Amino acid sequence: MRLTRSAAVRTPTEIASMRLAGRVVAEMHERIRAAIEPGVTTAALDRVGREVLRDRGASSNFLGYHGYPAVICASPNSMVVHGIPSDDVVLRDGDIISIDCGAVVDGWHGDAAFTAPVGEVSPERLLLIEVAETSLDAAIAVMVAGNRLGDIGHAVESTAVAAGFSVVEGYTGHAIGRAMHESPNVPNVGTPGTGAKLRIGNVLAIEPMLVAGQPGTDVLDDDWSVVSSDGSWAAHVEHTVAITDRGPEVLTLP
Ligand code: MF3
Ligand code: CO
C-alpha cells in the first residue's frame with residue numbers, strides 16, 4: 001500500500017535550475033538578516049526582499065498567493081508564520097523575528113525561512129531558535145533515497161521534544177518545484193520507516209515550526225497571521241532541499 005503520495009522526481013538539470021531560485025532566496029535572507037535591528041519595521045524588511053528580487057530578475061511566489069500582499073512573511077515572537085509586513089510592526093530589543101521568503105526563476109521555485117534575534121535576546125529564546133535549526137539539520141540529514149517521509153518528521157519531532165519544545169500543530173513542509181506548494185505535505189512529526197519513500201530527484205521544503213509552550217495556534221483577524229494559542233514564542237526555519245545521488249543538497253544556500 002502507498003502510504004502517501006510521492007514527490008515529483010526532478011532531473012539534475014531541473015535541480016540546477018532550482019538552485020538558481022534557491023540562491024536568490026538565500027540572498028534575500030542575507031540582506032534581510034543584515035537589516036534586522038531594534039527600530040526597523042517589518043515593512044522595511046519586505047522592501048529589502050523586493051530589492052533583491054528586482055536585482056536578480058526573479059519574481060515572488062508569495063506576492064499575490066491567495067491574495068498575500070508582500071514578498072516575505074515576518075512573524076515576531078508568539079507569531080508562528082504568515083505575518084504580513086507592516087510599517088506599524090517595529091522590532092524591539094529582545095524580540096525574535098521569523099522571516100520566510102521565496103523566489104521564482106525560470107518557473108522554478110525556492111522557499112526558505114530563518115528566525116533571528118533582535119538585539120539582546122534571553123537565553124531561553126536563543127535556545128528555541130537553536131533547537132529549531134538543529135531540528136532542520138537533523139531532518140536534512142535523513143533526506144537520503146530509500147528513507148521515508150516519516151523519518152523526516154521524526155527527526156524534527158524528536159529534536160524538539162528532547163529540548164522540551166512543541167511542534168506546532170496543523171502546519172507542514174511540502175514538495176516544491178514548478179509550484180511553491182506541491183504534493184505531498186511534509187509533516188514535522190512522524191514515525192520512522194513510514195510514509196512515502198524518498199527518491200533521488202525529490203525536492204522538499206522542510207520547515208520546522210516550534211513553540212516553547214503548547215502546540216495549538218489561532219489565525220488573527222487579518223486571516224493570515226498564525227499565533228500560538230498560549231502566547232508562547234515560536235521559531236520557524238526552512239530550507240528547500242534536493243535528494244541527490246550524493247545525499248541531500250540544500251538549494252537555498254548562497
Ligand atoms: N512560504 C510559506 C511556506 O513555507 C508559504 C507562504 S504563503 C504566503 O510554505 F502567502 F504567505 F506567502
Ligand atoms: Co514552505
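**Close-up 1. His 174 and ligand 1.** In this predicted model, the side chain of His 174 places an N or O atom 3.1 Å from an oxygen atom of ligand 1. Taken alone, ligand 1 exposes 340 Å², and 96% of that area is buried by the protein.

**Close-up 2. His 181 and Asp 111 at ligand 1.** For His 181, the distance from a polar side-chain atom to an oxygen atom of ligand 1 is 2.6 Å. Asp 111 faces a nitrogen atom of ligand 1 instead, with a polar side-chain atom 3.0 Å from that nitrogen.

**Close-up 3. The shell around ligand 1.** The surrounding residues are Phe 62, Tyr 65, Tyr 68, Cys 73, Asp 100, Asp 111, His 174, Met 180, His 181, Glu 207, Trp 224 and Glu 238. Sorted by class, this shell holds six nonpolar, two polar and four charged residues. Ligand 1 takes up the space of the largest pocket.

**Close-up 4. The largest cavity.** One cavity of 30 Å³ or more turns up when the whole structure is searched. The largest cavity contains about 30 Å³ of space. Its lining consists of Arg 5, Ser 6, Ala 7, Leu 149, Pro 184, Ala 196, Lys 197, Leu 198, Asn 202 and Leu 204. By class, six of these lining residues are nonpolar, two are polar and two are charged. Arg 5 and Lys 197 make up the charged pair, and Ser 6 and Asn 202 the polar pair.

Methods: Residues numbered from 1 in each chain as written. Chains lettered and ligands numbered in written order. Predicted model: local features only at pLDDT ≥ 70, side-chain atom pairs only at ≥ 80, totals over all residues. Heavy atoms only, no water. Near = heavy atom within 4 Å. Polar contact = N/O pair within 3.5 Å; in protein donor to acceptor, adjacent residues only side chain to side chain. Areas by Shrake-Rupley, 256 points an atom, 1.4 Å probe, with all protein chains shown as cover. 1 Å grid on protein atoms, 1.4 Å probe; cavity = no way out; pocket = protein on both sides within 12 Å on 5 of 7 lines; lining within 4 Å. Sits in = over half its atoms within 2 Å of the grid points. Points joined across faces, edges and corners; volume = space filled by probe spheres on them.
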